[in-house]
2 protein chains.
Amino acid sequence: MQTKIISFAKETNLQNTTDKICAKNMSKKLTKRSEDYSKWYNELVTRADLAENSAVRGCMVIKPYGFAIWEKMQAELDKKFKATGHQNAYFPLFVPKSLFEAEEKNAEGFAKECAVVTHYRLKNNPDEKGKLMVDPEAKLEEELVVRPTSEAIIWNTYKNWIQSYRDLPILINQWANVVRWEMRTRLFLRTAEFLWQEGHTAHATEQEAMDETLLINNLYADFVENFMAIPVIKGVKTESERFAGAVETHCIEALMQDGKALQAGTSHFLGQNFAQAFDVKFATATGGLDHVWATSWGVSTRLMGALIMTHSDDHGLVLPPNLAPIQVVIVPIYKGQEQLEEISKVAHQVQEQLSAKGIAVKYDDRDNVKPGLKFNDYELKGVPLRIAIGPKDLEKGQVELARRDTLSKSFVPQEELATQIPALLEEIQEALFTRALRFREEHITPVDDFESFQKVLNEKGGFLSAHWDGTAETEEAIKKKTKATIRCIPYTSKEESGLCVYSGKPSNQRVLFAKAY
Amino acid sequence: MQTKIISFAKETNLQNTTDKICAKNMSKKLTKRSEDYSKWYNELVTRADLAENSAVRGCMVIKPYGFAIWEKMQAELDKKFKATGHQNAYFPLFVPKSLFEAEEKNAEGFAKECAVVTHYRLKNNPDEKGKLMVDPEAKLEEELVVRPTSEAIIWNTYKNWIQSYRDLPILINQWANVVRWEMRTRLFLRTAEFLWQEGHTAHATEQEAMDETLLINNLYADFVENFMAIPVIKGVKTESERFAGAVETHCIEALMQDGKALQAGTSHFLGQNFAQAFDVKFATATGGLDHVWATSWGVSTRLMGALIMTHSDDHGLVLPPNLAPIQVVIVPIYKGQEQLEEISKVAHQVQEQLSAKGIAVKYDDRDNVKPGLKFNDYELKGVPLRIAIGPKDLEKGQVELARRDTLSKSFVPQEELATQIPALLEEIQEALFTRALRFREEHITPVDDFESFQKVLNEKGGFLSAHWDGTAETEEAIKKKTKATIRCIPYTSKEESGLCVYSGKPSNQRVLFAKAY
């Protein structure tokens, strides 16, 4: 349908006008990261057509281009979950208040940000024609919380599924929307409604639940590093950063270009907390009766934020080939219909060859947009490779190939494209990871006194590797003074005697501090 | 993990107990369809592990086995949507009341079944320790409706996306949960929360929007018939059965085994109603300014109900191979470990051969469940083909192959399985459709007077093909007297002079009446 409309448009005099509008939009440069990182991010998200704010406070619209990237993440994660024995299911959006409050710590942690359904009907407003009002007669006996997370509703369900050790383990994941009424929201990073997956597993032994917690944290790390090209640090949260209701929260922490950390995924060992709150017991293999052990874990559309702030530049989005909805775009450079037809023949050939190798290629032969604008647009949208073909290239049997990550160009013989491009996409995927890893490594700074701590935090940013006395008081004091929190105690942290960077009290290992999203 | 636990279990004395529990559960027969169809349905849904009621009134839990079937539907539909140029996106769960009421007919149609969020915070209840209450100070300025459908929030968004004909068409689909506060609910068929996809498209011309409406209704029919093996009748709804806010509602109607119809999908031509309500205008190619033309369309987890009530029998679920999470199950019949090992060798070979052909095969060598119980369980769950292998089969180089749809058994040489089974799965897929089609064809009864209408409706059920005078009054009167509604005016309905079956007034075509889910 689109093609028809465009060719019709060529015959009208609106074309130039639209070109101009187009040009105006596209030539408006992004704010530079060095000028205002936060502004750069917001502009990029909307101008690259990833997402936008909606009419509902704090809720976003994920646009098709952004959603296509999220779908690729979903597909890969889903495959990994299934390969490790998990199944998908679906639990209700609403949690009755009485269930919600059953696990006290969990309830306390989320109560302040709950959207609450109190009524089930609207009626005509007698005072204003054509307007509706909440029907006071349709008040619910018990209020329903829109799930901020699903432990409560799920454990209330598992209670009926589990009698004996033979019913265990239960390894379930759910793809869902959740709502947390955040006061200050930002697209992808912190929204009132977001999309995520939440795994909820039930086990017969503590060891098995802990193994699951680690399995998933490692699975997340593998996914984020090898699929999204974002290096992460695996570790454990301190008590004050723990998920409400968890015994241990494991996490993966990434570092953004502006030196702030971003929690990219969490895997919680819940102990028997929820089993106790919901009275879920099982007959053990040895004839006893025990509470079930649990884990829960999730990643969300927040990963889109991590993706953007790890790889992108002042020209726009930079996408790892694994996540790019368009991996290669072909743009013809021509004058007149005849040249276009010649170029199109070659372009279609190339497109076919690459498609046959499973590469997502787009040929953009729109006649109403100039090549330069197309270049800008695909740069903004992070398409990893761009092929340009002009009349001279035809003569020479070559194309111009541009890499989005390095912004470098080269000429490549047409017949080599089908072999060079798959290799190049792999190379880009790796190069992005390596670049991000180098940045991350350069931004882990050991500090041993509080003055250096503050200086490095403010001047260089990144992770500060510092001794901490293990108390919540010190953690809180540091947070108040510097806005830095303990991101995690890394798995790799070695035992090492030292003095707490803040209190001077003894400490036996370093932890990672950072300002964080 | 599961394997380990089971082998551990073998050594304990709990095995027999559990076997007995298992036996008790499984030998409890389903209610027969002829006794109580509705009870049969409810039992089947829960006992085949498809879904169950939750703690939230009217909301269901979709269990892993049921969800695996829904995922297969989703994957196929998603492929079809993308192949016809549609993209996925995501819009907010909440609709501010003022947007919700903008399209008056739509608002009126859904107002009475809306879950409404009025507050965004809970707080500790000072009167009851450990309990929470809605914080009266966290009342929203404007109430939020949990989307019963997303036209309002989406058209409010499209408003900002559309300036010129060049921005059209917009072809977007969303996979989402929606909430309609139904008073009488039934698993899959009518639940307060359900999962669905909703397409929302915007077009420059009436013709294009109408083409889209038809394209999708045909796509739905193709999917339901060829993938789910459920025959449907394509048609148009009468005004009183139309979607609230639509100009025309197209639909596909299926017939259940008990003679009641089920609306399996709808595709709405919305005209310019939503564009007018949300003031969405575009610069036309010829320099004018016009309101945008729209469609919306959806299918939901209700299709699970249609699936169950089209194919299943008194033994349980019958699944078309396309939708079966397990297409072939292999059950060993043995005494002692040695026999099991011999059989397992062959079973694994068969499993490998079939897996290589893309068939989902499960080998069930659980030692704590007797073959008969396994047979019952896989029958209950609708697994299309069951292979049993005993010691005699090993000697003869054969297996026993049982078809779930016909409950027939035969012996097949092992070496023929890899060719016979793929063919057989196709045959079953077709046979299920043919059987359902025959039933449907036998249950379309032309009736020409109201006495026959009532008699056929009550004694035979199914669709009644009858003349109707075209008025909503007659439709309403018939509905009141018989509970039958006009399911659709079929695309294939021919012009034919006649007299309305109820009023005796002139009519120029037959329509299809039925009682419906």
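**Sheet, domains and chain pairing in a predicted model**

In chain A, strand β17 (residues 328-332) is joined to β18(A) by 3 bridges, and the two strands run parallel. The model described here is predicted. Within this pairing, A:V329 lies opposite A:K362 of β18(A). Packed on the sheet is helix α11 (residues 336-356) of chain A, which touches β17, β18 and β19 (385-389) of chain A. The direction of helix α11 makes about 170° with that of β17(A). Helix α12 (residues 371-380) of chain A also packs on the sheet, where β17 and β19 of chain A are touched; the direction of helix α12 likewise makes about 170° with that of β17(A).

The sheet as a whole is open and consists of 5 strands of chain A, in the order β18-β17-β19-β20-β21, with mixed pairing. Its edges are formed by β18 (361-363) and β21 (409-413) of chain A; each has a single partner strand, so one side of each is left without a neighbour in the sheet. On average, neighbouring strands of this sheet are turned by 25° against each other, direction ignored.

The domain assignment divides chain A into domain 1 (66-116 + 147-310), domain 2 (326-426) and domain 3 (444-514). Between domain 1 and domain 3 of chain A, the C-alpha centres are 27 Å apart. Contact between these two domains involves 16 residues of domain 1 of chain A and 15 residues of domain 3 of chain A. On the domain 1 side, β11 (233-236) and β12 (248-255) of chain A each supply at least two residues. The most is given by β11(A), with 4 residues. By class, this side of domain 1 of chain A has 5 nonpolar, 4 polar and 7 charged residues.

Chain A can be superposed on chain B with an RMSD of 0.0 Å, through a turn of 180° and a shift of 0.0 Å along the axis. The two copies are thus related as by a two-fold rotation axis. In chain A, the C-alpha nearest this axis belongs to A:V117, at 2.1 Å. The same surface serves both copies, as 100% of the contact residues of chain A recur in chain B.

In total, 68 residues of chain A are in contact with 69 residues of chain B. The side of chain A that touches chain B comprises 42 nonpolar, 13 polar and 13 charged residues.

Notes. Residues are numbered from 1 along each chain as its sequence is written. Chains are lettered from A and ligands numbered from 1 in the order in which they are written. This is a predicted model: local features need pLDDT of at least 70, side-chain atom pairs count only at pLDDT 80 or more; totals for chains, interfaces and linings use all residues. Two strands pair if DSSP finds at least two bridges between them. Axes are lines fitted to C-alpha atoms, for helices over the stretch in contact, and angles run from 0 to 180 degrees between N-to-C directions. Two residues are in contact if their C-beta atoms, placed from the backbone, lie within 7 Å. Copies are superposed by least squares on the C-alpha atoms of residues with pLDDT of at least 70 in both. Ala, Val, Leu, Ile, Met, Phe, Trp, Tyr, Cys and Pro count as nonpolar, Asp, Glu, Lys and Arg as charged, and the others, Gly among them, as polar. Domain bounds come from an automatic or database domain assignment.
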